[in-house]
Amino acid sequence: MNKYDGLARIIIQNVGGKSNITSITHCVTRLRFKLKDESKAQDEILKETDGVVNILKAGGQYQVVIGQHVADVYDAVLSVGHLESLGEVQSEGGSDEKQSPFNAFISIVTSVFTPFLGVLSACGIIKGILALCSATHWLNPNGGTYNFLMAIGDAAFTFMPVILGYNAAKKFKLPEIEGIALGLILCYPEMKFLGALKEAGQLNIFNIPVMWPAAGYLSSVVPIICAVAFAAWFEKLYKNFVPNAVKIFAVPLITLIVSSCVTFWVIGPVSSLLSTVLSSFFTMVSNISPILTGLLIGFFWQILVMFGLHWALVPLALLNFANLNAGLGTGDTILVAMFGTTFAQTGAVIGIMLKTKDQKIKSLCPPAIISGIAGVTEPAIYGITLPKKAPFFRTCGIAAVAGAVLCALGVVGTSMAGMGVFGYTAYIGTKASEAMGGLPEGNASKMLIAVVVSLICVVAGVISELIFYKDSAPKAKEAPKANADGAKSVELAAPVAGKVISLKEVKDEAFASETLGKGCAIIPSEGVIKAPVDGTISTLPSSMHAVGITTADGSDVLIHVGMNTVELNGKHYSAKVKEGDSVKKGDVLIEFDLAAIKAAGYDTTTPVIICNADDFANIDVVAPSGADVTSGAQLVLASNM
């Protein structure tokens, strides 16, 4: 989990969404997007978002100025947007940073489920409508039309491992047809007889005993994902040793046999056991206090969505549906507990649209409302409520109360349905729920409760924003901060010989407007950057076009060699230090080929700034503008006195 995930999602949403991004890189201060259509970007929303310093447009790039935390925000954008896996991103020099196991798990589940949830929701709606039609005798359950529609609605649930096998194969870079084949093996009709062999104590494969889960593997989730992950790893180990003459059939033959055996011997039983334990835990919490269950999931669901963590709960909800159909459970409460979130968001946006005087925000509200009604709240969250913070958390509170009420009134999901208003059919009784002593088939009493609660969520969202929402006031600059010791000062020497100019003369708005910090710039006459102060190298991108130094008292100094020189990807630059190194004033940090950079058409103007300028009451450029300075000459004095 990255603490910048929320900011990353806001940025992605307001540059026009993932589909509008052609590529993304970053330099030492800003994210550099290439967008298909810059008109889709919401400049004002981004400018008002905490964590974004400014928005610039230059050289065909849409630049989101972040500051010295840009690398962390860049990583978060790649992670939450899954841009890297789609091949849409060009990074600067790449990264060797590995995801934590938990983040990797979230990424895997998200990638596997995202392409499937639309179809899964559509099938759930069909099943819910059929249940209603059966109860009201609109359709004959034994007729052709009913069974034809049931096949459409039920097939994706029954053969879920096949679809997930395909998606997982794309994720793990296994041939997709092999992922499909592994899913088909888990769903093969004759496998049902293994359950009978288990009861007779005769279930084994190659004389090795096999634990067969009570519900089998139809509609299962975790086993197929793990099986494909193993198959992809295993195939890479041996495939290069297989002769090319037989590789076309020998590789899938070996992969399928070995992976299937490992799945039935180890992966299936272990993953099924873990899923059962997690499901039992949530069931236990629900039995202890359904109200507490609804309260917690309702409040945290949107926050979990923001960090991509909700995917850890979605498989459990699907498992609950699978257990219900297998006669092992009564239904799902996880998706019940979060049901109010989309309606609370929609209501909040309606309230903001009625209250705000900001025409830009008002224009964003109608499409967000339409999407929210259908259960798609990303435009509402990342475009409107989350950048304002307070409206977002108010909707979390409303959703928490809704979740508690729904669980307290015994509303249980009997099938996977759509989102928003299309989710109502999930609460209609089915044959499976009736067989388990729950909601009778076709009974819509719990659905009516869900309808009433969702409408209350919308009204509550509207009222809360009409009462509490306020348009953002213009940002005021904070007063300079003093450190714990009182006096604080820093003296910067010229890091390179050349001509001093003011920042206002720099042909880059982020530097010229002093939004990144205060200081001056030098038009260099030589190609050596030396440390202007004692400190630690805190920033050094792979492109080597800039370097940051943090002093002992916490002053952040940035030296940026040239404008847009990140595009050179390190060509003509040579770093003599690395991040984390301690340096003394005058130590050589970077050498660069001044003539070659100029010949490539780049402006070599080099800003020298103090990034945390608000910590100082006075920042004075000692060298006069237009003067020639030598490396090491006194350049900038800053103090908070």
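The points below treat the basis of the model, the helix pair and then the sheet.

1. The model is predicted, so local features need pLDDT of at least 70 and side-chain atom pairs count only at pLDDT 80 or more, whereas totals for chains, interfaces and linings use all residues. Residues are numbered from 1 along each chain as its sequence is written, and side-chain values use heavy atoms, with hydrogens and water left out.

2. Helix H14 spans residues 340–355 and helix H17 residues 390–408; their axes come within 8 Å and cross at roughly 140 degrees. H14 is therefore oblique to H17 (angles under 35 degrees count as roughly parallel, over 145 as roughly antiparallel, 65 to 115 as roughly perpendicular and the rest as oblique). Axes are lines fitted to C-alpha atoms, for helices over the stretch in contact, and angles run from 0 to 180 degrees between N-to-C directions.

3. On the H14 side, the contact includes Gly340, Ala344 and Ile352; on the H17 side, it includes Phe392, Ile398 and Ala402 (contact means heavy atoms within 4.5 Å).

4. Strands S7, S20 and S18 form, in that order, an open sheet of 3 strands with antiparallel pairing (two strands pair if DSSP finds at least two bridges between them). S7 (489–493) and S18 (618–621) are the edge strands, each with a single partner strand, so one side of each has no neighbour in the sheet.

5. S20 (residues 634–639) runs antiparallel to S7 and is joined to S7 by 5 bridges. Within S20, Ser639 stands opposite Ser489.

Terms used:
Helix = DSSP H or I, 4+ residues; strand = E, 2+ residues; numbered from the N terminus.
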